[in-house]
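Here is a walk through a two-chain model, from the contact between the chains down to single residues. Keep the structure open while reading.

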Amino acid sequence: MKVTMRFFTILKDITQKNKEEIEVPHATTVEELMLLLSEKYGHQFKSYVYNQNGQMKPYLQFLVNWINITALHGFKTRLKEQDEIAIIPPVSGG
Amino acid sequence: MKRTQTYLSKTELERYNRQMLLPNWGTDGQKRLKSAKVIVAGAGGLGCPASLYLAAAGVGKLTIIDKDKFELSNLNRQILGWQGDIGCFKAEVVAEKLIALNPEIKVHPLVIEITEENISELIQDADIIVDALDNWKTRFIINAECVRREIPFIHAGISGLYGQMMTIIPGKSPCLLCLLPKTPKETSKFPVLGVTPAVFASLQVMETIKLIVGFGEILIRKMLLFDIESMNFTVINVERNPECPICAHL
């Protein structure tokens, strides 16, 4: 199935895209999607999203169809065809 | 917001006439604004438009805190800094222009760096602090003091064509540390177009005014995200951390 990733700020620089349609297996979870993207974009993506213990960085917010995954099933949230997934970094400029 | 025996002059009634026509505002609302003391922490991309609209609305006392001088590269977005202000202290320049806009209010510039040592004295009589900063370290210093004093902190951060905004009401909403238990990496130079901080500063002013005048819904336990490039605007729920070392006791 196809889902769309949205990238902001540094992830936009890492992936060189602000959005990308990705082909993923049916019922892929958010967690699995992050692993796929880490494989695709390598160390820079991985070190942006994961901390040294291999966990997602706690200050990143993940949205599926603009709903925070904490209101869904967290990283185990299963994606559907045409879902939009966004990784929201807190930005500090002012 | 406490109410005092504040008087509105004939010129003030005329100046603020249009906003006083709004429901739930009137002379009582305007008097609350006149009695209010708001600190704008930062006089840059967020601070310039935020302080401008707070002054225009008639917040009685504004304190503008910024240690820096205007540079040429600031002028695409720090809109109260003009060509002739390059090399001048931002807080002082902004204060002068706000008074010229609205001589009915008091504006106090502070050319000083906010630190853990001076924060208590700096915000001692403030009703609300507006986050117009450009780094996490200072944001967390103010966050801790706002929680300690139980005063609202209107957070915003921007980068490029994107940003986030959240109103922190200690004890009722997550504080900054609830959301960011690990300090994100600081960014020294980031891309930014002037309208990005302008949009978020306007939202911060709106929250500030709603809190002071006492109407509307506040962004409590919610974070507003706006990607201006794609025009995606969303509000997500955010929750307090019951073990937050700063605010869990409230």
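Start where the chains meet. The contact draws 16 residues from chain A and 33 residues from chain B. On the chain A side, the touching residues split into 9 nonpolar, 7 polar and no charged. Bear in mind that this is a predicted model.

Now take chain A by itself. Its secondary structure amounts to 3 helices and 5 strands. Read from the N terminus, the elements follow the order β-α-β-α-α-β-β-β. The radius of gyration of chain A is 12 Å, close to the 12 Å that the globule rule gives for 94 residues, so chain A is as compact as a globular protein of that length. Along the principal axes, its C-alpha trace spans about 35 × 30 × 25 Å. Of the 94 residues of chain A, 31% count as buried. Look also at the contacts in chain A between residues at least 6 apart in sequence: 53% of them join residues at least 24 apart.

One residue of chain A deserves a stop. A:Gln16 sits in the loop between α1 (9-15) and β2 (19-23) of chain A. Its phi is positive, about 65°, although A:Gln16 is not a glycine. Is A:Gln16 buried or exposed? It counts as exposed, because it has 9 C-beta neighbours inside 10 Å, and the cut-off for exposed is 12 or fewer.

Move to chain B. Here the secondary structure comes to 9 helices and 8 strands. The radius of gyration of chain B is 17 Å, close to the 18 Å that the globule rule gives for 250 residues, so chain B too is as compact as a globular protein of its length. Its C-alpha atoms fill a box of roughly 50 × 45 × 40 Å along the principal axes. Of the 250 residues of chain B, 46% count as buried. Among contacts in chain B between residues at least 6 apart in sequence, 68% join residues at least 24 apart.

The parallel strands come next, with β2(B) as the place to begin. Why is β2(B) described as largely enclosed by the rest of the structure? Because 4 of its 5 residues are buried. β2(B) has a partner in strand β1 (residues 37-41) of chain B; the two run parallel and are joined by 5 bridges. In this pairing, B:Lys37 stands opposite B:Lys61 of β2(B). β2(B) also pairs with β3(B), again in the parallel sense and over 5 bridges. There, B:Ile65 has B:Leu110 in β3(B) as its bridge partner. The chain crosses from β2(B) through α5(B) to β3(B), and this β-α-β crossover is right-handed. A right-handed β-α-β unit is also made by β1(B), α4(B) and β2(B).

Helix α5 covers residues 90-101 of chain B, 12 residues in total. From its first C-alpha to its last, α5(B) reaches 16 Å, close to the 16 Å expected at 1.5 Å a residue. Which residues of α5(B) are buried? They are B:Lys90, B:Ala91, B:Val93, B:Val94, B:Ala95 and B:Leu98. The cover over these buried residues includes α4 (47-57), β2 (61-65) and β3 (106-110) of chain B.

Strand β6 (residues 162-168) of chain B pairs in the antiparallel sense with strand β7 (residues 222-227) over 4 bridges. The bridge partner of B:Gly163 is B:Phe226 in β7(B). β7(B) is also joined to β8(B), by 6 bridges, and these two run antiparallel. B:Met223 stands opposite B:Ile236 in β8(B). β7(B) and β8(B) form a hairpin with 4 residues between the strands, where B:Met231 takes a positive phi near 60°.

Two exposed residues of chain B close the tour. B:Asn24 lies in the loop between α2 (17-20) and α3 (26-35) of chain B. B:Asn24 has a positive phi of about 65° although it is not a glycine. With 11 C-beta neighbours inside 10 Å, B:Asn24 counts as exposed. B:Pro245 is found in the segment after β8 (232-237) of chain B. B:Pro245 is exposed, with 11 other C-beta atoms within 10 Å. B:Pro245 and B:Cys178 are 67 residues apart in sequence, and 8.6 Å apart in space from C-alpha to C-alpha.

Notes
Residues numbered from 1 in each chain as written. Chains lettered and ligands numbered in written order. Predicted model: local features only at pLDDT ≥ 70, side-chain atom pairs only at ≥ 80, totals over all residues. Buried ≥ 20, exposed ≤ 12 C-beta atoms within 10 Å, placed from the backbone. Expected span 1.5 Å × (residues − 1). Contact = placed C-beta atoms within 7 Å. Nonpolar A, V, L, I, M, F, W, Y, C, P; charged D, E, K, R; others polar. Pairing = 2+ DSSP bridges. Right-handed = clockwise from strand over helix to strand, strands pointing away. Rg over C-alpha atoms; globule rule 2.2 N^0.38 Å.
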